[in-house]
Amino acid sequence: MRDMTMVIGANVANGTSNLPLTPLTPEQELATRVRLGQALQMSLEPAEVLTLFYKHIQSAVSISGLVFKFANANPDQKIGRECLHHCDYRLTTDEGYLGEIIFSRSKRFVETELITLELLLGSLIYPLRNALRYQKAMRLALLDPLTLVGNRAALDSALSRELQLAERHDHELSLLLIDADNFKKINDDYGHHRGDLVLCEIAKGIQSVCRGSDITFRYGGEEFVVLLGKTNADGAKIIAERIRQQIAQTRISYHGKAISTTVSIGIATRKPGKAKEHINDLFERADTALYQAKANGRNRVVSSDDVLTIQ
């Protein structure tokens with residue numbers, strides 16, 4: 001185990017080797033680090049930064065495969081192929097642990113190569129940290145800070161993408177427009193802080209019954225939107241009804257009293273074979289269905305197909 005200031009922990013599964021040591025000359029080391037540093041500034045995508053690092057270190061140390069295990073929720077990044085001999089490093093800055101990087105190849109690493117890898121890792125750590133910072137900032141920019149579901153900007157982007165995919169492959173896409181019933185009364189009776197907690201519970205309730213492929217957004221105020229890819233009107237009704245029931249059963253304790261709420265849900269579905277539909281048209285149909293759900297007494301689900309049938 002090797003201890004370093006910026007790069008901590010080198011675990012080498014390697015054995016011994018009689019290969020000659022051929023360390024980089026100071027000039028070669030400087031040139032390699034300059035080229036590497038310039039290359040790593042070309043991207044703010046963590047996966048791309050690691051790919052560039054893998055590519056540019058080959059002239060100094062031959063590597064067959066690289067695996068990076070991120071400290072956050074990012075999936076492992078794997079480049080090349082994993083081999084028998086490997087050396088592992090834990091990357092840490094003064095801001096905390098970034099993750100673990102594993103180099104591997106079929107031949108054993110020698111001491112001079114490990115020293116070179118450690119020198120080159122010094123060029124990786126801050127570009128990688130900056131890329132992770134940027135990724136986190138972009139992710140937070142698309143989240144509603146209260147409920148931690150997607151915000152309006154994320155919705156606009158996702159809806160445009162999903163609608164284009166639905167049109168390209170001619171499959172169904174459903175949109176749920178969800179509105180908390182009598183929410184103003186909750187704010188008036190219990191205060192805006194408790195109202196915020198109710199919104200958080202609604203968001204959790206929606207996500208708890210949705211599928212992994214469904215995407216939830218806070219549209220604004222007490223309104224939420226759920227995009228259901230490859231889902232027809234009947235399937236959307238089933239999911240919407242599960243959401244309605246889940247929210248109706250939710251309780252928040254406040255000074256010995258239970259705060260409860262219900263939601264009304266409007267559904268609009270893009271059907272196969274339908275002419276190209278603008279995003280606003282889909283929203284307008286969902287909004288009309290939501291208005292009908294409110295008019296029918298709230299705490300219910302209405303599809304735009306039902307509204308058209310009634311009319």
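Modeller: In a right-handed crossing, helix α6 passes helix α7. The model is a predicted one. Two packed helices are described by the angle between their axes and the distance between those axes. For α6 (residues 192-209) and α7 (residues 233-248), the angle is about 140 degrees and the axes are 9 Å apart. The contact is made on the α6 side by Glu201, Ile202, Gly205, Ile206, Ser208 and Val209. Their partners in α7 are Arg242, Ile243, Gln246 and Ile247.

The crossing of α1 and α2 is right-handed. From α1, the residues in contact are Leu36, Ala39 and Leu40. They meet Val49, Leu52, Phe53, His56 and Ile57 in α2.

Phe53 leads on to the rings. Through ring pairs, Phe53 is linked with Tyr89 and Phe103 in a cluster. A pair of aromatic rings is described by the distance of the centres and the angle of the planes. The structure holds four aromatic pairs. In one of them, the ring centres of Tyr89 and Phe103 are 6.2 Å apart and the planes stand at 70 degrees, so this pair is edge-to-face. Tyr89 lies in strand β4 (residues 85-93) and Phe103 in strand β5 (residues 96-105), 14 residues apart, so the pair counts as a link between distant parts of the chain. Both Tyr89 and Phe103 are buried.

Tyr219 and Phe283 form an aromatic pair that is stacked, with 5.0 Å from centre to centre and 25 degrees between the planes. This pair also links distant parts of the chain: Tyr219 is in strand β7 (residues 215-220), Phe283 is in helix α8 (residues 279-295), and 64 residues separate them. Tyr219 has 22% relative accessibility and therefore counts as partly exposed. Phe283 has 13%, so Phe283 counts as buried.

Charges also sit over rings. The charged end of Arg90 lies over the ring of Tyr97, 4.2 Å from the ring centre. For Arg105, the charged end sits over the ring of Phe109, and the distance to the ring centre is 4.4 Å.

Note on methods. Residues numbered from 1 in each chain as written. Predicted model: local features only at pLDDT ≥ 70, side-chain atom pairs only at ≥ 80, totals over all residues. Heavy atoms only, no water. Phe/Tyr/Trp six-rings, centres within 6.5 Å; stacked < 30°, edge-to-face > 60°. Helix = DSSP H or I, 4+ residues; strand = E, 2+ residues; numbered from the N terminus. Buried < 20%, exposed > 50% of the residue type's maximum accessible area, 1.4 Å probe, protein only. Lys NZ or Arg CZ within 6 Å of the ring centre and 35° of its normal. Axes fitted to C-alpha atoms, helices over the stretch in contact; angles between N-to-C directions. Left-handed = near helix turned anticlockwise from the far one by under 90°. Contact = heavy atoms within 4.5 Å.
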